[in-house]
Amino acid sequence: MKKYNFNAGPSMLPREVIENTAKQILDFNGSGLSLMEISHRAKDFQPVVDEAEALIKELLDIPQGYSVIFLGGGASLQFMQIPANFLMKKAGYVNTGTWAKKAQKEAKLFGEVVEVASSADKNYTYVPKNYTIPADLDYLHFTTNNTIYGTETRKDIDAPVPLIADMSSDIMSRPVDVSKYTAIYAGAQKNMSMAGVTVVIVKDDMLGKAPRELATMLDYRTHVEKGSMFNTPPVVPIYSLMETMRWVKAHGGVKEMDRLAQERAKIVYDEIDRNKLFRGTVVAEDRSLMNICFVMNDEYAELEKPFFDFATERGMVGIKGHRSVGGFRASCYNAQTIEGVNALVKAMQDFEAQH
Ligand SMILES: *Cc1c(COP(=O)(O)O)cnc(C)c1O
């Protein structure tokens, strides 16, 4: 039976990315060796890193003066690597959910942290707006898409201080004004590749100013200067990242990804709003296009498990909501298809007709 993959991360990738990566795993560029067993310094691998980097710069229209590096450790390592490199005295964090809070916790190890705004009061069902950002912050940290709660900010915010963003779950889904940011980071396994590589986009003139001695591996300069080859980088994830970037480019770039994301999300949210069994979990204006969260209406609460089983029988995978929200979450990253969201909506309609 056909499966419709709504996993939140690692998540669905374009079929051709998986097939092309599988081919290279069997025989890398006709060398007779697997992509898994070549040296990262092999002359055929450098062009892969170069192309992945060049495509990210092209697709996000990254201005001069920024570097793109590939690291290990996930976005979670960035929670501490960001403050290690950039927190001199005081940093500001906007608390919009689990990941934002985890980032904030790590920063406290390096200096003073101000929680500039928070939506914890309403279980992260909205994104705070109209808060004052102190002018004396070293940086403001912002999470553009809240993967667990299903809220998102698809417009680059204005900050009077250097802006740093965790874009793990919505990078490459819309055009971004990179010039507004000092750094952008993203674990690649939501929208760019398989798990194992983290992309960091960093403004060069902000590097080397840390007021502390940094371990070599934690200093962004190490990786910028060595072109992400200071140590062995995650070879296969970088390869599949390059393939995904080719796919994004071939499918119209981030503008088209944005259009498709809006189209898919509208199909699902319209059904959530129409269907008597379900309701959305967050305020309408902050709804994420990437992670669509919904629950059973109160009077149908006992139908949660039956709907899950019903949808699973029809091939839906990964629609269980995160335990801190409950209900359902349909993740619709770039590779998600209109066919996939239509199959989910059909399941919701057919289930409604039975009740
Ligand atoms: C998944 C996710 C993370 C954690 O990523 P890891 O690569 O697992 O460390 C951090 N932030 C956001 C917004 C995420 O969606």
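Tutor: Two strands pair if DSSP finds at least two bridges between them. Strands (E, at least two residues) and helices (H or I, at least four) are DSSP runs numbered from the N terminus. The model is predicted, so local features need pLDDT of at least 70 and side-chain atom pairs 80 or more, while totals for chains, interfaces and linings use all residues. Residues count from 1 along each chain as its sequence is written, and side-chain values use heavy atoms, without hydrogens or water.

Student: Which strands stand at the edges of the sheet?

Tutor: The open sheet has 7 strands with mixed pairing, in the order β2-β10-β9-β8-β5-β3-β4. Each edge strand has a single partner, so one side of it is left without a neighbour in the sheet. The strands at the edges are β2 (66–71) and β4 (112–118).

Student: Over how many bridges do β3 and β4 pair?

Tutor: β3 covers residues 90–95 and runs parallel to β4. Within this pair, K90 is opposite E112 of β4. The number of bridges is 6.

Student: Which strands does helix α2 touch?

Tutor: α2 spans residues 46–59 and packs on the sheet. Contact means heavy atoms within 4.5 Å. The strands touched are β2 and β10 (198–203).

Student: How are α2 and α6 oriented to each other?

Tutor: α6 covers residues 235–250; its axis lies 9 Å from that of α2, at an angle of about 40° (0 to 180 degrees between N-to-C directions, axes fitted to C-alpha atoms over the stretch in contact). Angles under 35 degrees are roughly parallel, over 145 roughly antiparallel, 65 to 115 roughly perpendicular and the rest oblique. The two helices are therefore oblique.
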